[in-house]
Amino acid sequence: MSKRQRHAQILAVIRENRVASQETLRELLHQRGTEVTQATLSRDIRELRLVKVPDADGTGHYSLPEE
């Protein structure tokens, strides 16, 4: 899988789920058949400029900067 495809998968997961941690994101990607290491996922999150935004209960989830 190319980086571009992996990034598309990450964005799809983020749009469809409230993802609070990298580990949860890895698990959701795994369910879609995408295997990724923690280091690669961390780098992808930076490259995609994902941000953690607070929920009403104080926990956070990943989001795109413009959302």
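Modeller: Happy to. Let's take α3, whose buried residues are covered by elements that include α1, α2 and β2. Those buried residues of α3 are T40, L41, S42, D44 and I45. Bear in mind that this is a predicted model, in which local features need pLDDT of at least 70 and side-chain atom pairs count only at pLDDT 80 or more, while totals for chains, interfaces and linings use all residues. Residues are numbered from 1 along each chain as its sequence is written, and side-chain values use heavy atoms, with hydrogens and water left out.

A few terms before we go on. Helices (H or I, at least four residues) and strands (E, at least two) are DSSP runs, numbered from the N terminus. Buried means under 20% relative accessible area, exposed over 50%, and partly exposed in between, with a 1.4 Å probe and protein chains only. A contact means heavy atoms within 4.5 Å.

Axes here are lines fitted to C-alpha atoms, for helices over the stretch in contact, and angles run from 0 to 180 degrees between N-to-C directions. Under 35 degrees counts as roughly parallel, over 145 as roughly antiparallel, 65 to 115 as roughly perpendicular and the rest as oblique.

The axes of α2 and α3 come within 11 Å and cross at roughly 105°. That makes α2 roughly perpendicular to α3. Here Q22, L25, R26 and L29 from α2 make the contact with Q38, L41, S42 and I45 from α3.

In α1 the buried residues are R6, H7, I10, L11, V13 and I14. Seen down the axis of α1, they fall within an arc of 160°, so they line one face of the helix; the arc is that of the directions from the helix axis to the C-beta atoms. On the other side of α1, R4, R15 and E16 are exposed. The cover over the buried residues of α1 includes α2, α3 and β2 (60-63). In α2, Q22, L25, L28 and L29 are buried. Viewed along the axis of α2, these residues stay within an arc of 120°, so they too line one face of their helix. They pack against α1, α3 and β2.

The largest nonpolar core has 15 residues, and I10, I14, V19, L25, L29, L41 and L50 touch the most other members. Such a core is a set of buried Ala, Val, Leu, Ile, Met, Phe, Trp, Tyr and Cys residues joined through side-chain atoms within 4.5 Å. At least two of its residues come from each of α1 (3-16), α2 (22-31) and α3 (38-47), and α1 gives the most, with 4 residues. Take L29: leaving aside neighbours within four places in sequence, it is in contact with Q9, I10, V13, T34, V36 and L41.

β2 brings in S63, which has its place in that strand. S63 counts as buried at 5% relative accessibility. Beyond its neighbours within four places in sequence, S63 is in contact with I14, L50, V51 and V53.

Not counting residues up to four places away in sequence, L48 touches H7, I10, L11 and P65. The C-alpha atoms of L48 and L11 are separated by 8.4 Å, although the two are 37 residues apart along the chain. R49 lies in that loop between α3 and β1 as well, but R49 is exposed, with a relative accessible area of 63%. R49 also has a positive phi of about 60° although it is not a glycine.
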